[in-house]
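Have a look at the sequence and the fold, then read on.

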Amino acid sequence: MTVVRVARDYPHPPAKVWRALTDPALMAQWGMRPEGFAPVPGTRFRLFGKPNRAWRGFVDCQVLEAREAELLRYRWDGDGKSTPTELAYRLEPRAGGTRLTIEHRGFLGLRGFIFAKLIMTPGWKKMANRTFPAVLDQIGR
């Protein structure tokens with residue numbers, strides 16, 4: 001099983017990072033547009049992106065665990081055919097801010113390995129390095 005793990009430190013308190021991860025309007029600014037999302041275990045929701053020949057344009061998800069300003073974990077079904085994966089955002093208070101660790105696990109076999117390394121890893125790094133920090137910087141202005 002292949003796991004994608006990206007960790008970044010942000011100069012913002014955990015409550016602000018949590019808000020960016022769980023407010024649907026903010027989520028749409030750094031990632032895909034959520035529909036039906038709430039940080040409540042059992043909640044089923046969809047994340048919408050731009051469809052293409054290789055992807056239907058949305059991800060079916062279900063919140064598995066949510067502990068405010070600590071952990072958000074959900075099931076991720078990207079195509080309705082493969083075994084769903086699991087995505088977790090872990091927040092840790094640090095001096096002067098928060099460490100966010102993104103862990104996307106459950107990519108199976110050679111196809112899963114290639115997908116995780118060529119598609120998902122660059123996508124999560126872009127989010128962690130560019131789009132997410134830009135949203136954090138705008139909150140509270």
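## A histidine and its partner

Which side chain does the side chain of His-12 join in a polar contact? It's Asp-137, at 3.2 Å (a polar contact is a pair of N or O atoms within 3.5 Å; within protein, one must be able to donate a hydrogen and the other to accept it, and residues adjacent in sequence count only if both atoms are side-chain atoms).

Before going further: this is a predicted model, where local features need pLDDT of at least 70 and side-chain atom pairs 80 or more, while totals for chains, interfaces and linings use all residues. Numbering runs from 1 along each chain as its sequence is written, and side-chain values use heavy atoms, without hydrogens or water.

His-12 sits in the loop between strand 1 (2–10) and helix 1 (14–22) (DSSP runs numbered from the N terminus: helices are H or I, at least four residues; strands are E, at least two). With a relative accessible area of 9%, His-12 counts as buried (under 20%, 1.4 Å probe, protein chains only).

## The core

The largest nonpolar core has 34 residues, and Tyr-74, Trp-76, Tyr-89, Trp-124 and Phe-132 have the most contacts inside it (such a core is a set of buried Ala, Val, Leu, Ile, Met, Phe, Trp, Tyr and Cys residues joined through side-chain atoms within 4.5 Å).

Key
Buried < 20%, exposed > 50% of the residue type's maximum accessible area, 1.4 Å probe, protein only.
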